[in-house]
Amino acid sequence: RDPVSSIRSSLGAGQQPPQDGAGRARDKGKGKASQRVEDPEDWSDGNEPHDGVNQELTRQQRMLGEQDAQLDQVHASVRKLGTIGQAINDELTVQNNLVGELDESLATVQLKLKHAQKALERVSRSLGLRTKICVVVSLAFVAFILLYLLLT
């Protein structure tokens, strides 16, 4: 039990304060005047004998309460960060899977493009110079017609 509370309760009941082993009141070196029991009714001005101790206890309890509130805020922030971290991890897993699928698709497209390029080279070698010029002129003519139709 708290020593201040035990002294206060004994003073409130009109008893002597608790004695130490030598039969003396525990007054921490104060003179004989401090050994007398004060009547709680004389404390009407708010100056109890242990008012400084009570103020210190109150201050410490207030500080503990503030620290608890701050710890609760830190705990809530850490939980939020944990949730955000988990969401980031989930998103990175999804993105990693998508990149893997894209990589596979890209490899397939590159293979198809390589085959198409080889086929174009074969067709190009088989065509003569005159045929190539005719194809280019024909494609240019079609492009001009399409452009004319779009602008009108």
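## Burial and overall surface

Of the 152 residues of the protein, 6% count as buried. The structure discussed here is a predicted model, and every value in this report is computed from that model. The accessible surface of the protein comes to about 13200 Å². Carbon and sulfur atoms account for 60% of this surface.

## Helices and contacts

The protein contains 3 helices and 0 strands. Read from the N terminus, its elements follow the order α-α-α. Helix 2 covers residues 51–126, and helix 3 covers residues 129–151.

Contacts can also be sorted by how far apart the two residues stand in the sequence. Among contacts between residues at least 6 apart in sequence, 32% join residues at least 24 apart.

Side chains of opposite charge can pair when their charged atoms come close. In this protein, the count comes to 1 salt bridge. The side chains of Arg59 and Glu56 meet in a salt bridge, with a distance of 2.6 Å from N to O.

Both Arg59 and Glu56 belong to helix 2. They are 3 residues apart, which corresponds to about one turn of the helix. Are these two residues buried, exposed or partly exposed? Arg59 has a relative accessible area of 33% and is therefore partly exposed. Glu56 is also partly exposed, because its relative accessible area is 32%.

## A positively charged patch

Four residues, Lys114, Lys118, Arg122 and Arg125, gather on the surface in a patch of positive charge. One of them, Lys114, lies in helix 2. Why does Lys114 count as exposed? Its relative accessibility is 52%, and the cut-off for an exposed residue is over 50%; Lys114 therefore counts as exposed.

## A nonpolar patch

The surface also carries a nonpolar patch, formed by Phe141, Val142, Ile145, Leu146, Tyr148 and Leu149. Together these residues have about 630 Å² of accessible area.

Ile145, one of the residues in this patch, lies in helix 3. Its relative accessibility is 36%, so Ile145 counts as partly exposed.

How values were computed: Residues are numbered from 1 along each chain as its sequence is written. This is a predicted model: local features need pLDDT of at least 70, side-chain atom pairs count only at pLDDT 80 or more; totals for chains, interfaces and linings use all residues. Side-chain values use heavy atoms; hydrogens and water are left out. Patches are made of residues with over 30% relative accessible area and no salt bridge: like charges are joined within 9 Å, nonpolar side chains (Val, Leu, Ile, Met, Phe, Trp, Tyr) within 5 Å. Accessible areas come from the Shrake-Rupley method with a 1.4 Å probe; for residues, only the protein chains shown count as cover. Lys and Arg count as positive and Asp and Glu as negative; His and the chain ends are not counted. The place of a charge is taken as NZ of Lys, CZ of Arg, CG of Asp or CD of Glu. Helices (H or I, at least four residues) and strands (E, at least two) are DSSP runs, numbered from the N terminus. Buried means under 20% relative accessible area, exposed over 50%, partly exposed in between (1.4 Å probe, protein chains only). Contact means heavy atoms within 4.5 Å.
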